[in-house]
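Please look at the sequence and the structure shown here before reading on. The paragraphs that follow lead through selected features step by step.

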Amino acid sequence: MHKPADLPVSTLSAQLTSPGYAFVEGEQMRPLLTSLGELTDWTDFAESWNHLGPDPYLAAKGRFRRRRHGTFSATADGPVLPEPHQAHFQSLQYNALQGDIERWFEPIAAPIAHGDTLRTILRFCHHLFGQTAPATRRWHIEVHQFRIEATANAAGEPTPEGSHRDGVDYVLVLLVNRQNIASGTTTIHTPDGKLLGDFTLTHPLDAALVYDHSVYHGVTPVSPLDADQPAFRDVLVVTFKAASPSE
């Protein structure tokens, strides 16, 4: 079996600077993660997506997904630390569907939030984004568990707001699982709409990395391959944003 070539973090950092995004296949993502920690609870981590609560804010607009949310912080030289549970907020500038409101979601379950897999993923993000933006002294970090479900009567919409920015500095989108779905292609655009690239997260640990200031990203709707079977796309989204000294 062909062993994938090691992917240096410096290469990803350069890609985030220009063109502003990177796609990493799971077989390359795994050694990047395990060089900084362990994934010993991956089975429980992935299974936790079966226990996400519905997103009531999106359901109010005729769409459906499940999610949990957590907040962390880190200094440039310190560890990633959990913060008290708090609301997720985006301005209308970045989210035309749900902007300018505080959205409260169920917290990430404690065993998952403190488990090896999530801690390793956050350690990797801290290392990569810190190397890419060394002048940042403190980070505000948000973690989102998303399950997008699709049925024969309704496609699942990973990004119902369309191609967008998140209003942060850096974004990691990590595939945890996908079952019985077609499509779900990630697209990367310039601010004026020019397509820079597209790829599909198909295997666990496949990842998209985005510099939110320079590119827009979106995901095409997913539909079931077999209309009689459950169909869903499970992803972890991690955002890093430079925090003010008071945060």
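**Salt bridges across the chain**

The side chains of R147 and D234 form a salt bridge with an N to O distance of 2.8 Å, a salt bridge being a side-chain nitrogen of Lys or Arg within 4 Å of a carboxyl oxygen of Asp or Glu. This pair connects distant parts of the chain, for R147 belongs to strand β7 and D234 to strand β15, 87 residues apart. Helices (H or I, at least four residues) and strands (E, at least two) are DSSP runs, numbered from the N terminus. R147 is buried at 8% relative accessibility, and D234 is buried at 1%. Here buried means under 20% relative accessible area, exposed means over 50%, and partly exposed lies in between (1.4 Å probe, protein chains only).

The model is predicted: local features need pLDDT of at least 70, side-chain atom pairs count only at pLDDT 80 or more, and totals for chains, interfaces and linings use all residues. Residues are numbered from 1 along each chain as its sequence is written, and side-chain values use heavy atoms, with hydrogens and water left out.

Side chains of opposite charge can pair when their charged atoms come close. How many salt bridges does a search of the whole structure find? The search finds 5. One of them joins E106 and R68, at 3.2 Å from N to O. E106 is in the loop between β6 (101-103) and α5 (110-113), while R68 is in strand β3 (residues 66-75), so this pair ties together parts that are 38 residues apart in sequence. E106 is partly exposed at 41% relative accessibility, whereas R68 is buried at 15%.

Another salt bridge brings together the side chains of R137 and D77, at 3.3 Å from N to O. R137 lies in the loop between α6 and β7 (138-149) and D77 in the loop between β3 and β4 (81-82), so the pair ties together parts that are 60 residues apart in sequence. Both R137 and D77 are exposed.

**Strand β8 and its partners**

Strand β15 also takes part in strand pairing. Strand β8 (residues 170-179) and strand β15 (residues 232-242) run antiparallel and are joined by 9 bridges; two strands pair if DSSP finds at least two bridges between them. Within this pairing, V171 stands opposite T239 of β15. β8 also pairs with strand β12 (residues 207-211), in the antiparallel sense and over 5 bridges. There, L174 has A207 of β12 as its bridge partner. Is β8 mostly covered or mostly exposed? It is mostly covered, with 8 of its 10 residues buried.

**A helix with a buried side**

Helix α1 (residues 9-17) has V9, L12, S13 and L16 among its buried residues. These residues cover an arc of only 100° around the axis, which puts them on the same side of α1; the arc is that of the directions from the helix axis to the C-beta atoms. The buried residues of α1 pack against β1 (21-24), α2 (26-34), α6 (116-132), β8 and β12, where contact means heavy atoms within 4.5 Å.

**Backbone details in the loops**

P19 is in the loop between α1 and β1, and the peptide bond from S18 to P19 is cis, with omega near 15°. N180, in the loop between β8 and β9 (181-183), has phi near 60°, a positive value in a residue other than glycine. N180 is buried at 17% relative accessibility. L205, in the loop between β11 (195-200) and β12, has phi near 80°, again a positive value in a residue other than glycine. L205 is buried too, with a relative accessible area of 1%.
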